[in-house]
Amino acid sequence: GQRGPMYFFHVYSLAAFLSPLLLIVTVGQTNSLSLGENRSKAKIDSTKPAHAFANIGQDRRNFLSISLLSLVATPSPASSLEFSTASSGLQWADAKVGSGSPPQPGQPTAIDYVMSTTGARYGTKIDSTTDRGAPYRWTLGDGTTIAGLEQAVLGGGGVPPMLPGGIRRVVIPSKLGYESLARPIPGMQFQDCEEGRGVGPIPPTDVAFAEYQRFKNIYCNANRPYQPDLVLDVKLYGKRVQ
């Protein structure tokens with residue numbers, strides 16, 4: 001039959017309602033494509049420190065090209081380092097080989113570290129003991145420290161032990177890092193992971209509260225679907241051979 005005025009009124013109204021939605025979808029798709037192209041074309045200047053970069057995401061290869069941080073007096077591009085992968089999945093490279101005797105299980109140990117992440121939206125650096133002049137201390141093998149850092153210092157699984165004065169970059173997968181901190185607790189979004197309540201190193205809340213909050217959001221978040229790899233630049237203290 002013939003279509004009266006009310007039919008065309010309803011058609012027009014529906015079109016007017018859908019037009020903004022179609023525009024939003026189209027713009028969203030265009031922006032998504034643009035962001036994808038920008039990310040794929042992004043290049044990292046390896047002469048800059050790690051915290052100068054944002055939106056690196058999960059691209060480990062990009063992160064490995066970033067310069068070592070403040071543990072080295074004259075940083076050299078990390079792209080010049082030779083990275084190796086242990087059977088555990090730990091990646092490591094030495095920026096400086098130390099001297100003296102390697103540390104042993106049961107021995108008190110002190111390090112300086114710069115902690116970064118491969119999966120952050122607003123920069124990669126999380127924490128640094130050098131910023132507050134307080135090395136991280138623990139007894140090797142006492143269970144208070146993540147397995148990836150223990151392996152980085154003690155060696156094993158194809159990784160040579162560090163020597164006093166040495167500087168090493170390690171890329172630590174979640175299974176050797178803070179995986180235990182992200183296990184959900186019923187009714188809680190975050191685990192209680194302040195210093196001394198979970199495996200370390202954890203930024204201390206009394207002198208590094210902002211760093212702790214950043215750490216917690218990434219590595220102590222039960223609602224996060226994955227944990228990005230942890231990156232530590234480690235300087236080992238101890239008696240060196242002159």
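Predicted model: local features only at pLDDT ≥ 70, side-chain atom pairs only at ≥ 80, totals over all residues.
Which residues of α4 are buried?

1. **Start with the helix in question.** The buried residues of α4 are G148, L149, E150, Q151, A152 and V153. That is six of the helix's eight residues, so α4 is largely enclosed by the rest of the structure. The cover over these buried residues includes β3 (108-117), β5 (136-139), β6 and β7 (230-236). Just after the helix, G155 takes a positive phi of about 85 degrees.

2. The mean pLDDT of the protein is 74, with 60% of the residues at 70 or more. Confidence is highest in α4 (residues 147-154), at a mean of 98, and lowest in helix α1 (residues 5-41), at 37. Over residues 5-62 pLDDT stays under 50, and for this stretch the model has 49 contacts beyond four places in sequence. I would read that part with caution.

3. **The overall layout.** The protein contains five helices and seven strands. Read from the N terminus, the order of elements is α-α-β-β-β-β-α-β-α-β-α-β. Of the 242 residues, 39% are buried. Among contacts between residues at least 6 apart in sequence, 67% join residues at least 24 apart.

4. Strands β1 (residues 84-85) and β2 (residues 91-96) pair in the antiparallel sense over two bridges.

5. **β6 and its two partners.** Strand β6 (residues 167-172) pairs with β2 in the antiparallel sense, over five bridges. In this pairing Q91 stands opposite V171, while K96 has I167 as its bridge partner. β6 also pairs with β7, again in the antiparallel sense, over six bridges. Here V170 stands opposite L232 of β7.

6. **Both faces of β6.** What happens to the side chains of this strand? I167, R169 and V171 point one way, R168, V170 and I172 point the other way, and all are buried. β6 is thus mostly covered, with six of its six residues buried. Note that the two arginines, R168 and R169, are included in that buried set.

7. **A pocket to look at.** The second largest pocket has a volume of about 180 Å³. Its lining is made up of 13 residues, and Q107, P108, Y237, G238 and K239 lie nearest the centre. β3 gives the most to this lining, with three residues. By type, the lining residues divide into seven nonpolar, four polar and two charged.

8. **A residue on the outside.** Is A210 buried or exposed? A210 lies in helix α5 (residues 209-219). Its relative accessible area is 57%, over the 50% cut-off, so A210 counts as exposed. The C-alpha atoms of A210 and D127 are separated by 9.1 Å, although the two residues are 83 apart along the chain.

Key
Residues numbered from 1 in each chain as written. Heavy atoms only, no water. pLDDT = per-residue confidence, 0-100. Helix = DSSP H or I, 4+ residues; strand = E, 2+ residues; numbered from the N terminus. Contact = heavy atoms within 4.5 Å. Pairing = 2+ DSSP bridges. Buried < 20%, exposed > 50% of the residue type's maximum accessible area, 1.4 Å probe, protein only. 1 Å grid on protein atoms, 1.4 Å probe; cavity = no way out; pocket = protein on both sides within 12 Å on 5 of 7 lines; lining within 4 Å. Points joined across faces, edges and corners; volume = space filled by probe spheres on them. Nonpolar A, V, L, I, M, F, W, Y, C, P; charged D, E, K, R; others polar.
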